[in-house]
Every structure is written in structure tokens, then in C-alpha cells.
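Keep the sequence and the 3D view side by side as you read.

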Amino acid sequence: MRRFSHLVFCFCLTRVLAQPFVLPQLPYGYSEYAPNIDALTMEIHITKHHQAYVNNLNKCVKGTPFETYTLEDILINLPPDGEVLRNNAGGHYNHSLFWEILAPRPKQGPISESLNTQIITQFGSMDSLRKALFLSATSRFGSGWAWLIVTPDKKLQVISMANQDNPLMACSSNRGIPILGIDVWEHAYYLNYQNRRADYLSAVWDLLNWKVVSENYAEALNSPLLSKLKSTNCQKKSKKH
Ligand code: MN3
């Protein structure tokens, strides 16, 4: 009996260490983001696109040392030839952040004083930050993301990256912890906005829950990940990218 208990204990411990990644729950109902984002787009985006990243990520890490890594540690330690892992770990991380920072207007919370002050100090105004993000998002050719990040020297920076890449990855020329990300893949807006990416961006801006972005900011400033991002990125190590 004791041996059996021990086996059960070991099994449970392994499961805890190697739990599969799971699709996060959307904070609100699909239709609550309308008219900014229609219900069908929300539903397809999370249950088809995001779910596929989660499924492929789980397949990719199964039986590898990455099985027990946190998502952030996978992104920071991607192997140079890990294209599938990069796309799917990035896809899961990026979308999880995206769902978290969006809220229907009546349910949004206010920006913190510290984030607001930092935005004014660095960008001049919220409107200038919006313009910088929109420029970054509209000038991203093809699919990708526009980011507001906290850099290792604890400054804010607006950048954009292709595909499902993000600034935690060593391939990024601007590394940092994302506190706000906007998905500019066509699957995020095509049903309702077709080719009108700028209209979609305005609609997403109005859905931003600054209370959550502020919490992400406070968390990023104190995150041990920041010191890990100080190391040389792969662009300086290799001419391949
Ligand atoms: Mn997407």
C-alpha cells in the first residue's frame, strides 16, 4: 500500500512539473467586445487559432526538457533551429496577453499613476503613445504584433515584430517584457474590417483595459526576467537574421 501511495505521489509530482499548456478562459463573453470586435471573430480567434498554438506547443515540448519550462523560459531559451516551438510558444504567449488586456468599455479600469507618468515622460501624451503604436502596427508588413514593452533598463518602448515573435525571444533586436500587444494578423480583424487595419486598431485601442496594462507594467518592473533579457541577442551573434 505504501508503495502504491508512493507511485501515485510520483505520478502527481510529474504531472505538476509537466502540465500541458491550456487555453486561457476569455475574461468576457464573445459578444461583449462588439461592436469593436465581433463575436464570431473572437470565437474563431480563441477557439481555433489560439487553441491550435496551444495544441502544437504541447506536441512540440512533449518528451523534451521544455516540457517542464514556464512559457517565458521557453521563449527566452528557444533553440536556434526551433522554428515550430518559436511559432507556437510565441502564439500562445502573445494571444494570452492579448485577451488579458482587452475589456468591454464599461468593464475597463483606469491607468495607474506610475504608468501614466512614465508615458507622459517618454512619449509626451497618451495620444502620442497611441500614434507610435498605430504607426508600428500599420507599418508591420504582413502578419505580426505591435508591442509596448518594458526594456531591461526599465523604460517603455514601442516596437513591432513579425509572425508570432515577441520581445522575450533572443531573436528580437529590442528585448523587453511586453505589457500590451496588438495582434495585427488578418485573422484578428478580416471578418469585420477586411483590409482596414487602421479602423481595427482604433477599435482595439478603445477596448484596452489600462488597469491590466498598469498591473503588467508594475509586474514587469520587478520581474527577474528583465535581467535575463540583458544578455546579447542573436542578431549580434549571428548574421542569419
Ligand atoms: Mn491572432
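Which residues of strand 1 lie on one side and which on the other, and are they buried or exposed? Gly144, Ala146, Leu148 and Val150 are on one side, Trp145, Trp147 and Ile149 are on the other, and all of them are buried. Here a residue counts as buried if 20 or more other C-beta atoms lie within 10 Å of its own, as exposed if 12 or fewer do, and as partly exposed in between, with C-beta atoms placed from the backbone. In a regular strand the side chains alternate between the two faces of the sheet.

Before going further, a word on what you are looking at. This is a predicted model, in which local features need pLDDT of at least 70 and side-chain atom pairs count only at pLDDT 80 or more, while totals for chains, interfaces and linings use all residues. Residues are numbered from 1 along each chain as its sequence is written. The pLDDT, which is the predictor's confidence in each residue from 0 to 100, averages 89 for the protein chain, and 88% of the residues score at least 70. Please treat the ends with care: pLDDT stays under 50 over residues 1–15, where the model has zero contacts beyond four places in sequence. It also stays under 50 over residues 235–241, which have five such contacts. Two residues are in contact if their C-beta atoms, placed from the backbone, lie within 7 Å.

Now for the overall layout. The protein chain has eleven helices and three strands; these are DSSP runs numbered from the N terminus, helices being H or I with at least four residues and strands being E with at least two. Read from the N terminus, the order is α-α-α-α-α-α-β-β-β-α-α-α-α-α.

Back to the strands. Strand 1 pairs with strand 2 in the antiparallel sense over seven bridges, where pairing requires that DSSP finds at least two bridges between two strands. The two form a hairpin with five residues between them, and Lys154 in the turn has a positive phi of about 65°. Strand 1 is also joined to strand 3 by six bridges, again antiparallel.

Take Leu148: beyond its neighbours within four places in sequence, it is in contact with Leu133, Leu156, Val158, Ile179 and Leu180.

Helix 8 has Tyr200, Leu201 and Val204 buried. They lie on the same side of helix 8 because they cover an arc of only 100° around the axis, taken from the directions from the helix axis to the C-beta atoms. The buried residues of this helix pack against helix 6, strand 3 and helix 7 (190–193).

Finally, look at Leu78, in the loop between helix 3 and helix 4. Leu78 is buried because 21 other C-beta atoms lie within 10 Å. Not counting residues up to four places away in sequence, Leu78 touches Leu85, Arg86, Met169 and Ala170.
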